[in-house]
Every structure is written in C-alpha cells, then in structure tokens.
Amino acid sequence: MSQSYAGLWIRVKAFSADYLVISLYIAFLVAISILIQSVNHRILQPLFGNPLSGQLSGFVLITLPVTLYFTISESSSHQATWGKRWQAIKVVHNNGERLSRIRALGRTALKFIPWELAHTCIWQMSDSNQEPSPIILIGFILVWILVGIYLLTLLLSSKKQTLYDQFTNVLVVRN
C-alpha cells in the first residue's frame with residue numbers, strides 16, 4: 001500500500017490552524033501580563049528587563065509550551081496536532097509507526113530552530129539603540145537560509161520531507 005504524502009499547501013493550512021491555537025495562547029499570556037502590570041507595573045521587570053532574562057522567559061512561557069503541544073500531539077494516538085487533524089494528515093515514523101515522544105521532540109526542536117534563533121536576535125537588538133551588530137544580521141540571514149532549506153527540501157523530496165523530517169526519519173502523510 002503506497003502512502004500519500006502531505007505537500008506544501010496542506011501543511012501550510014495545518015500549521016496556520018495550529019498557529020491560531022498558538023496565537024490564542026499568546027493572547028492569554030498578554031491578557032495576564034496586562035492584568036499583572038495593572039496591579040504592579042514593576043513585577044514583570046525581572047522576567048523581561050534585559051535580553052538574557054527576556055529570552056529565557058520567552059522560551060519558558062512560549063517556546064517550551066508550543067514545543068510540548070507539537071511533541072505531545074504528534075506522538076499521541078492521533079499522530080497529529082489540531083491543525084493536522086483538521087487537514088486529515090498525520091506524522092509517522094518512516095516505517096509507518098507512531099512517533100515516540102523523543103523522536104517527536106527532536107523533530108519539533110529542529111523545526112523551531114529558525115523561530116528560536118529569530119527570537120534570540122530580536123531580544124539582542126532590544127537592548128541597543130544602535131544598528132544591529134553583524135552577528136545579529138548573520139543570525140537573521142541564517143534564519144532565512146534555514147527556512148529556505150526546509151522549504152526546498154519539502155518541495156524537492158520525493159516523499160515531501162523537510163530536512164527536519166529527513167533527519168528524524170519522519171513522514172507527514174494523508175489519513
């Protein structure tokens with residue numbers, strides 16, 4: 001039995017739906033932070049007062065929960081996030097089996113490297129009124145290179161695998 005692999009547009013639609021979930025979570029965090037700020041405007045200063053604490057707080061409050069959402073969803077019995085379920089696609093090991101949590105975590109971590117690198121560059125820029133340093137510019141260039149590689153590998157692969165799918169021996173298939 002041959003698999004029908006999920007291509008670019010169905011994956012974009014699925015991720016867009018997942019991003020809606022992520023956006024609702026971020027809106028909740030913003031509402032909570034506004035509430036906290038209204039009680040005491042200095043209470044969040046230790047969390048976001050400098051680039052290092054801001055990056056760490058952002059990682060713990062946003063990146064880590066989003067990573068867990070993808071990891072737990074894609075290694076569940078559904079083998080899919082909410083967006084993937086909506087688009088009737090799922091994530092499987094190359095042998096067709098459900099992903100282990102470790103494999104799903106590895107795939108998600110590789111997928112989000114550009115996202116986290118962009119956040120790191122933005123936080124480093126937030127501490128300066130000057131032009132971004134060459135290292136920050138190189139970081140942003142690397143973000144777009146990685147995104148381009150992920151896109152090209154998806155488009156050129158016979159099994160429609162991104163680079164992070166290939167590294168983790170994963171396929172995204174239609175149900």
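Reply: Helices (H or I, at least four residues) and strands (E, at least two) are DSSP runs, numbered from the N terminus. The model is predicted: local features need pLDDT of at least 70, side-chain atom pairs count only at pLDDT 80 or more, and totals for chains, interfaces and linings use all residues. Residues are numbered from 1 along each chain as its sequence is written, and side-chain values use heavy atoms, with hydrogens and water left out.

Me: Where is the place of K160?

Reply: K160 sits in the loop between α7 (134–156) and α8 (163–167).

Me: Is K160 buried, partly exposed or exposed?

Reply: Buried means under 20% relative accessible area, exposed over 50%, and partly exposed in between (1.4 Å probe, protein chains only). At 34%, K160 is partly exposed.

Me: Which residues does K160 touch?

Reply: Contact means heavy atoms within 4.5 Å. Not counting residues up to four places away in sequence, K160 touches Y5, A6, G7, R11, L154 and D165. The C-alpha atoms of K160 and V172 are separated by 7.8 Å, the two residues being 12 residues apart along the chain. V172, leaving aside its neighbours within four places in sequence, has contacts that include Y5, A6, R11 and D165.

Me: Which residues make up the largest nonpolar core?

Reply: A nonpolar core is a set of buried Ala, Val, Leu, Ile, Met, Phe, Trp, Tyr and Cys residues joined through side-chain atoms within 4.5 Å. The largest has 9 residues: A6, I10, A14, I89, V91, L99, A104, V170 and V172. At least two residues of this core come from each of α1 (8–39), β1 (89–93) and β2 (170–174). A second, separate core of 6 residues includes I22, F70, F112 and W115.

Me: How many aromatic pairs are there?

Reply: A pair of aromatic rings is described by the distance of the centres and the angle of the planes. Rings of Phe, Tyr and Trp (its six-membered ring) pair if their centres lie within 6.5 Å; planes under 30 degrees apart count as stacked, over 60 as edge-to-face and the rest as tilted. The count comes to 7 aromatic pairs. Y69 and F70 are edge-to-face, at 5.2 Å centre to centre and 80 degrees between the planes.

Me: Why is the pair of F112 and W115 edge-to-face?

Reply: Their planes stand at 65 degrees, with the centres 4.9 Å apart, so the pair is edge-to-face. Both F112 and W115 are buried. Ring pairs link F15, Y19, Y69, F70, F112 and W115 into a cluster.
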